[in-house]
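Please find below some remarks on the structure under review.

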Amino acid sequence: MITEIAQIDIHPGQEEEFEEAVAQALPFFLAADGCHGLDLHRSVENPSRYRLMVRWDTVEHHTVTFRSSAGFARWRALAGPHFAAPPQVEHVYSVLAP
């Protein structure tokens, strides 16, 4: 299992709209091949910063399969207008989980 971590900075004042856009896009992620769900976290210190954490079978399920899908295009159409900068994305795997 791979976790995609996307740090997303939103235009200040658009936090509620962004959260609603992610909620609307949730079905596109859940329908994607290899996706096992997601969590959205909001920064306490910087309330316009979020971390979207998506669980995938493999990196390729995210970078190839999902990114070339209509669901990805719809996600970006919903959420993209709120981005203050392009998301910073990395993929991690667990090495210790108590």
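**Notes on the predicted model**

1. Tyr93 is placed in the segment that follows strand S4 (88–92). The model is a predicted one, and in it Tyr93 is exposed, its relative accessible area being 61%. Tyr93 belongs to a nonpolar surface patch together with Val95 and Leu96. The accessible area of these residues together is about 430 Å².

2. Ser48 is found in the loop that joins strand S2 (35–42) to strand S3 (49–56). Is Ser48 buried or exposed? With a relative accessible area of 12%, Ser48 is buried, because the limit for that class is under 20%.

3. The surroundings of Ser48 deserve a separate remark. Apart from neighbours within four places in sequence, Ser48 is in contact with Ile8, Asp9, Ile10, Pro12 and Glu15. With Glu15 there is a polar contact between the two side chains, at 2.5 Å.

4. How many salt bridges are there? The count comes to three. One of them pairs Asp9 with Arg49, and the closest N and O atoms are 2.7 Å apart. This pair links distant parts of the chain, since Asp9 is in strand S1 (residues 2–9) and Arg49 in strand S3, 40 residues apart. Asp9 is partly exposed at 22% relative accessibility, and Arg49 is likewise partly exposed, at 24%.

5. Glu19 is partly exposed, with a relative accessible area of 32%. Arg42 also counts as partly exposed, at 42% relative accessibility.

6. Arg55 and Asp39 form another salt bridge through their side chains, at 2.9 Å from N to O. Because Arg55 lies in strand S3 and Asp39 in strand S2, the pair ties together parts that are 16 residues apart in sequence. Both residues are partly exposed: Arg55 has 28% relative accessibility, and Asp39 has a relative accessible area of 35%.

7. Arg49 of strand S3 is paired with Asp9 of strand S1, while Arg55 of strand S3 is paired with Asp39 of strand S2.

Definitions and conventions: Residues are numbered from 1 along each chain as its sequence is written. This is a predicted model: local features need pLDDT of at least 70, side-chain atom pairs count only at pLDDT 80 or more; totals for chains, interfaces and linings use all residues. Side-chain values use heavy atoms; hydrogens and water are left out. Patches are made of residues with over 30% relative accessible area and no salt bridge: like charges are joined within 9 Å, nonpolar side chains (Val, Leu, Ile, Met, Phe, Trp, Tyr) within 5 Å. Accessible areas come from the Shrake-Rupley method with a 1.4 Å probe; for residues, only the protein chains shown count as cover. A salt bridge is a side-chain nitrogen of Lys or Arg within 4 Å of a carboxyl oxygen of Asp or Glu. Helices (H or I, at least four residues) and strands (E, at least two) are DSSP runs, numbered from the N terminus. Buried means under 20% relative accessible area, exposed over 50%, partly exposed in between (1.4 Å probe, protein chains only). A polar contact is a pair of N or O atoms within 3.5 Å; within protein, one must be able to donate a hydrogen and the other to accept it, and residues adjacent in sequence count only if both atoms are side-chain atoms. Contact means heavy atoms within 4.5 Å.
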